[in-house]
Amino acid sequence: MGVIDLIFMVTRWAAIIFGAVALIHAVRQRSDAFPAVGRLTKPVWIGIIAVALVLFFIMGALSFLGIIGVVAVGIYMADVRPKVDEIQGR
């Protein structure tokens, strides 16, 4: 295994872990919290994150669609998650 293969493997598993944490968080939140903070609904976010996770498994995080998935999960973790937690008093 070369260095490039190692980089691809590490980024794939990092993206999978990142996506899994986001998916677990999204599933555990109340459905009314998402529209209350002016974001997409809970099922939409769960769908986006789940599709991203599938892409990470199939194509990796450094493929074109994988990068889009990383961006989507990053938006959830950096923008939506803090606001949902804040509105729920966490």
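The accessible surface of the chain comes to about 5,400 Å², and 74% of this area belongs to carbon and sulfur atoms; such areas come from the Shrake-Rupley method with a 1.4 Å probe, and for residues only the protein chains shown count as cover. This is a predicted model, in which local features need pLDDT of at least 70 and side-chain atom pairs count only at pLDDT 80 or more, while totals for chains, interfaces and linings use all residues. Residues are numbered from 1 along each chain as its sequence is written, and side-chain values use heavy atoms, with hydrogens and water left out.

**Overall build**

- The chain has four helices and zero strands, where helices (H or I, at least four residues) and strands (E, at least two) are DSSP runs numbered from the N terminus.
- Taken along the principal axes, the C-alpha atoms of the chain fill a box of roughly 45 × 20 × 15 Å.
- Of the 90 residues of the chain, 33% count as buried, a term that stands for under 20% relative accessible area, with exposed meaning over 50% and partly exposed lying in between (1.4 Å probe, protein chains only).

**The nonpolar core**

- The largest nonpolar core has 18 residues, of which Phe56, Val73 and Tyr76 touch the most other members; a core of this kind is a set of buried Ala, Val, Leu, Ile, Met, Phe, Trp, Tyr and Cys residues joined through side-chain atoms within 4.5 Å.
- Two or more residues of this core are given by each of the elements α1 (3–28), α2 (33–36), α3 (42–59) and α4 (64–87).
- Leaving aside neighbours within four places in sequence, Val73 is in contact (heavy atoms within 4.5 Å) with Phe18, Gly19, Ala22, Ile49, Ala52 and Phe56.

**How α1 meets α4**

- Helices α1 and α4 pack at an angle of about 35 degrees, with their axes 10 Å apart; the axes are lines fitted to C-alpha atoms, for helices over the stretch in contact, and angles run from 0 to 180 degrees between N-to-C directions.
- Ala15, Phe18, Gly19, Val21, Ala22, His25 and Ala26 in α1 meet Val70, Val73, Gly74, Tyr76, Met77, Arg81 and Asp85 in α4.

**His25 in helix α1**

- His25, which is found in helix α1, counts as buried because its relative accessibility is 14%.
- Not counting residues up to four places away in sequence, His25 touches Tyr76, Arg81 and Asp85.
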